[in-house]
Amino acid sequence: MSALRKEVSEYDDFLLLDIAEEYSKLPYKTLAFFKAAYALYDCDFYVKADDDIYLRPDRLSLLLAKERPHSQTYLGCMKKGPVFTDPKLKCFRMFSNEDVTIGSWMLAMNVDHEDSKQLCEVDCTPSSIAVWDIPSVQMKTIQKHIALLQTSYSSKLTTNDNNCFLGLCNPEKKMLELHSRDICSKSSTLPSDGDG
């Protein structure tokens, strides 16, 4: 933590929040981030990205720069199916998953949802913006943890044999592997005309 504080004091490039780091409290942490960011910065966009994705900020900036017909737009990737809206459902609640929580808040605020698969690719491509990959070996463990979380709301979920918890095992190693691949880190911001 001292290295991070030194980085912040030198470059002012991180926003440190005084909030407990606990998986079951991620929606509250996310809400604290958005409240602080909104209070401190006047921006056209606020971005939330998990620390276990490989993000291409150069490509994200191009996606954000596109003209949109709706003044309030929520950009995301629906991995589980389409977004549906019901004008009668205008409640704000916390779910166990912060991504679901944010999505529900956006729907309650009547924003336009733009689904972009480029934000949840499973591998680097000439047009991927974010690579999100949970190896299939871990999927059963993740589903077990989600079921446990939904039934017990316990903040003390167990980890599997590889010390993984609801996400990538060793995300630092996975990030370094992705970054070492030319298609991930050295490919152009825009795909060539031949790439589609």
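My entries follow, one topic at a time.

**Ground rules.** I am working on a predicted model, so local features need pLDDT of at least 70, side-chain atom pairs count only at pLDDT 80 or more, and totals for chains, interfaces and linings use all residues. Residues are numbered from 1 along each chain as its sequence is written, and side-chain values use heavy atoms, with hydrogens and water left out.

**Salt bridges.** I searched for a side-chain nitrogen of Lys or Arg within 4 Å of a carboxyl oxygen of Asp or Glu, which is what I call a salt bridge. The count came to 6. I wrote down several of them.

I took Arg 68 and Glu 114 to begin with. Their closest N and O atoms are 2.6 Å apart. The pair links distant parts of the chain, 46 residues apart. Arg 68 sits in the loop between α3 (57-65) and β2 (73-76), and Glu 114 in strand β3 (residues 112-115). I take helices (H or I, at least four residues) and strands (E, at least two) from DSSP runs, numbered from the N terminus.

I then checked accessibility. My classes are buried (under 20% relative accessible area), exposed (over 50%) and partly exposed in between, with a 1.4 Å probe and protein chains only. Arg 68 is buried because its relative accessibility is 17%. Glu 114 is at 22%, so I logged it as partly exposed.

Next I looked at Lys 117, which forms a salt bridge with Asp 115 at 3.4 Å between the closest N and O atoms. Lys 117 is partly exposed at 44%. Asp 115 is partly exposed too, at 39%.

Lys 186 and Asp 182 also meet in a salt bridge, at 3.7 Å from N to O. Lys 186 is exposed, since its relative accessibility is 62%. Asp 182 comes out at 49%, so it counts as partly exposed.

**Disulfide.** How many disulfides does a search of the whole structure find? I used a pair of cysteine sulfur atoms within 2.5 Å as the test. The search finds 1. Cys 124 and Cys 184 form it, with their sulfur atoms 1.9 Å apart. This pair links distant parts of the chain, 60 residues apart. Cys 124 is in the loop between β3 and β4 (130-131), and Cys 184 is in helix α7 (residues 182-185). The link is right-handed, with 105° about the S-S bond. Both Cys 124 and Cys 184 are buried. I also looked up Cys 43, which is partly exposed at 35% relative accessibility.

**Helix α3.** Which residues of α3 are buried? I found Arg 59, Leu 60, Leu 63 and Leu 64. They lie on the same side of α3, because they cover an arc of only 140° around the axis. I take the arc from the directions from the helix axis to the C-beta atoms. An α-helix has 3.6 residues a turn, so residues three or four places apart point the same way. What covers the buried residues of α3 includes β1 (54-55), β2 and β3.

Thr 101 lies in helix α4 (residues 98-108). Is Thr 101 buried or exposed? It is buried, because its relative accessibility is 0%. I listed its contacts (heavy atoms within 4.5 Å), leaving aside neighbours within four places in sequence. Thr 101 is in contact with Pro 27, Arg 93, Met 94 and Phe 95.

Lys 25 lies in the loop between α1 (2-11) and α2 (26-40). Lys 25 is partly exposed at 38%. Lys 25 and Glu 98 are 73 residues apart in sequence and 8.5 Å apart in space, C-alpha to C-alpha.
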